[in-house]
Amino acid sequence: MLFGKRLEVNFSKHPNITQGPDTHEYMNSNLNRFNCNAAKNYRYCCSPTRIIHVSSLPQDIIEIELASLLVEHGIIFNCKVLEMNGKKQALVQFETEEEATEALVCKHASSLSGSVVHISFSQLLNI
């Protein structure tokens, strides 16, 4: 579910994409999360979950600031900011998968205090 509607994704029956006025190319975009080090990225792919992983956070971020960025997308059960290898990351647990999915869709590659945040689903069951 996404924005109250069921999203279904299938393989296309068309062998090529015909460019149109509303077609966007994401091959070299910073919105394409699979454009570099693909083997590493595929290892962390998973189905949507209630927990999202947020990386590339500003060094001085605290849980309440991150939660305020994401709360418009649903009820946040838990938010934990972590530091790994000198970089700030966070895990945010929503009430539903749909809320977590909306947060990912709307906030991935958004700016937070000068940093461009990256969001993906977490394979963890709890924070």
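Colleague: How many disulfides does the structure hold?

Modeller: Zero disulfides in this one. Keep in mind that we're looking at a predicted model.

Colleague: Okay, what about accessibility for Cys45?

Modeller: Cys45 comes out at 36% relative accessibility, so it counts as partly exposed. Cys46 has 29%, so partly exposed is the label there too.

Colleague: Switching topic. Where is Ser115 found?

Modeller: Ser115 is in strand S5, which covers residues 115-116.

Colleague: Is Ser115 buried or exposed?

Modeller: Buried, because its relative accessible area is 18%, and the cut-off for buried is under 20%.

Colleague: Which residues does Ser115 touch, leaving out those up to four places away in sequence?

Modeller: Ser115 touches Ser56, Leu57, Pro58 and Ser110.

Colleague: Now Lys5. Where does that one lie?

Modeller: Lys5 lies in the segment before helix H1, and that helix spans 38-43.

Colleague: Buried or exposed, for Lys5?

Modeller: Exposed, because Lys5 has 62% relative accessibility.

Colleague: And how many residues apart in sequence are Lys5 and Glu98?

Modeller: They're 93 residues apart in sequence, and in space their C-alpha atoms are 9.7 Å apart.

Technical notes
Residues numbered from 1 in each chain as written. Predicted model: local features only at pLDDT ≥ 70, side-chain atom pairs only at ≥ 80, totals over all residues. Heavy atoms only, no water. Helix = DSSP H or I, 4+ residues; strand = E, 2+ residues; numbered from the N terminus. Buried < 20%, exposed > 50% of the residue type's maximum accessible area, 1.4 Å probe, protein only. Contact = heavy atoms within 4.5 Å. Disulfide = S-S within 2.5 Å.
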